[in-house]
Amino acid sequence: MIVALFILLSLILVAVPVTAEDVVNVDPSSVPRAAKISDLYVFEGSPDTTKAVLAMTVDCGAPSGGTATLVDDVLYRFEIDTDGDLKADHRFLVRSRNGKFRVKGYNFDVQGDLGTTLTTTDGMGKAFVGLVDNPFFGDLASLSSVVAKSGSFSGIDQFAGTNCTAIVLEMPRDWLAGGGQERKLNIWASTAR
Amino acid sequence: MTGQRVSAASFAIVLTIGGLLGLVGCSKSTKSATTSDVLDAVEEIIDPNAPIEMEEGIADVTVSRVGRPRIVELLFFDDQPTYDEFNTMSPDKDNTNPTAGHAKKTIDALLALNASPNVLNLSGLDPQFADLELDSSTLHNMLILSGNVLKVDLDGTNHGPSGGFVAVTEGLLGVELGFVWTTTKKSAFGGRLPRTDAFNVFLTLLTSGALTSDSVDGNDSAYRQEFPYLPQPH
C-alpha cells in the first residue's frame with residue numbers, strides 16, 4: 001500500500017511540471033551588472049518618424065575605454081503586450097555569444113559582431129549592441145535625504161562620465177504590434193536566465 | 001576526400017571536447033557538461049557564424065525588469081528587498097502585495113511634501129497641468145496597479161523641433177494622462193525619449209509639484225540625432 005502511494009505520488013510530481021516561474025528565487029547579489037537593466041526607451045525614429053525605436057541600457061557605470069558587455073547565458077527581452085492584459089504577446093529577443101549578438105523577433109532575425117549596426121534583409125529594421133555614454137542623468141543619490149527633509153539635491157550628475165552597453169532596435173511601427181491591428185501597446189524590458 | 005577529412009576532423013573534435021567537458025563535469029559538482037554543451041562547442045569551432053540559440057540553457061527566470069523610468073527607484077528607494085522582488089515580477093502581478101502596498105505608502109509620503117497633496121499641481125512641467133487633479137489613489141493606480149510599463153500609441157505623433165525628439169512630458173506621460181497637446185495634436189506617441197528628464201518628471205508628479213527638479217537638467221554628452229541615437233561612449 002505504501003509502495004503504491006509512493007508510486008502514485010511520484011507520478012503526480014512528474015505529471016505536474018514545475019516551471020521556472022513557479023520557483024523564482026533570485027539572489028540579487030548573484031545577478032551580474034550586465035544583466036541588470038538600467039533604462040528603457042521607446043520613441044519615434046529620426047528623421048524617419050514612421051519608424052519606432054526600442055532601446056535598453058545595461059551594465060551602466062562602466063568606466064571609459066571599455067567594451068560592450070552582455071552576459072552569454074542571459075536573454076535580453078523587449079516585451080510587448082498588445083491586448084492590454086499586461087502579459088507579453090510577443091518579444092524581441094537578444095542574446096550574445098563569443099563577441100557576437102543575435103536579435104530575433106517579429107520580422108527580425110539578424111546576427112553579427114557586438115559594436116556594429118546590423119540591418120534586416122529587407123532593409124527595414126536595424127539593430128545595434130554597443131557601448132554608449134550613460135544617457136540617464138540626475139541626482140538619485142540625494143533622494144533619501146530630500147524625502148527625509150535632511151538635505152537637498154546636490155546638482156551633481158552622478159552618472160556623468162560613465163558608460164552603458166545599449167541594445168537599440170529600429171523598425172517600422174507596425175512591427176511593434178507584431179503583425180496585429182492593435183495600436184495601443186504596453187512595453188517593458190526584462191532579462192532572464 | 002576533403003569532405004571525409006572534415007568529417008574525420010569534426011569527429012575528432014567531438015571526441016576531444018566531449019572528453020574534456022566530461023572531465024570538467026566530473027570535477028565540478030554544480031554543473032556537468034551535457035551533450036548539448038558539447039554540440040554547441042563543436043558547432044562554434046566548425047562554424048563561428050552558427051546562429052546563436054535564443055532559448056537553450058535559459059531557465060526563463062526574470063532577473064531584471066524596467067518599464068517606466070525611475071518608478072522603481074522612487075517608490076522603493078528605502079526598501080531594497082521589495083525593490084528586488086518587484087524586479088522579478090511580471091507587470092500583470094504589479095497589483096499584488098507587498099510591492100503594491102509599499103508603493104502606495106511611498107506615494108502618500110511624497111505627496112505629503114506638498115501642502116495640498118490631493119490636487120496635483122504640475123505647472124513645473126507644463127502650464128496646462130496646473131489644474132490637473134490626481135489624488136494618491138489615482139496615481140497609485142496609474143503608476144503601479146495598472147502595470148509598470150511604458151505606454152505607446154502607434155497612431156500618436158511626437159513631431160518636435162528636431163525630428164522625432166520632442167518635449168519631455170509629451171513622450172513620457174502623454175498616453176497615460178490622455179491629454180491633448182494642441183488643438184491639432186490628438187494623441188501622443190508616448191514611450192520615452194532618451195533626453196527626457198525622467199527624474200524631474202516623476203519627482204514633480206509624485207510630490208504634486210512640491211519638488212520639480214533635482215538640479216541636473218541635462219546629460220553630459222550629446223544625444224545622436226540618428227541611429228543608434230544614444231550618446232557616443234567616453
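1. What share of the contacts in chain B with a separation of 6 or more comes from residues 24 or more positions apart? In this predicted model, such pairs account for 59% of those contacts in chain B. Chain B has 234 residues, of which 36% are buried, and its secondary structure comes to nine helices and two strands. Following the sequence, these elements of chain B come in the order α-α-β-α-α-α-α-β-α-α-α.

2. On confidence, chain A has an average pLDDT of 86, with 85% of its residues scoring at least 70. The stretch to read with caution is residues 1-25 of chain A, where pLDDT stays under 50 and for which the model has seven contacts beyond four places in sequence.

3. Strand β10 of chain A, which spans residues 184-192, deserves a careful look, since several pairings involve this strand. Eight of the nine residues of β10(A) are buried, so that the strand is mostly covered. Within chain A, β10(A) pairs with strand β3 (residues 75-81) in the antiparallel sense over seven bridges, and Asn186(A) in β10(A) is the bridge partner of Asp81(A).

4. The pairing of β10(A) also extends to chain B, with both of the strands described here. With strand β2 of chain B (residues 150-153), β10(A) pairs in the antiparallel sense over four bridges, and Asp153(B) is the bridge partner of Lys184(A). With strand β1 of chain B (residues 62-66), β10(A) is joined by four bridges, and these two strands likewise run antiparallel; here Arg65(B) is the bridge partner of Ser190(A).

5. When its neighbours within four places in sequence are left aside, Leu40(A) is in contact with Met56(A), Trp188(A) and Ala189(A) in chain A, and with Val66(B), Gly67(B), Leu150(B) and Arg192(B) in chain B.

Note on methods: Residues are numbered from 1 along each chain as its sequence is written. Chains are lettered from A and ligands numbered from 1 in the order in which they are written. This is a predicted model: local features need pLDDT of at least 70, side-chain atom pairs count only at pLDDT 80 or more; totals for chains, interfaces and linings use all residues. pLDDT is the predictor's confidence in each residue, from 0 to 100. Two residues are in contact if their C-beta atoms, placed from the backbone, lie within 7 Å. A residue is buried if 20 or more other C-beta atoms lie within 10 Å of its own, exposed if 12 or fewer, and partly exposed in between; C-beta atoms are placed from the backbone. Two strands pair if DSSP finds at least two bridges between them.
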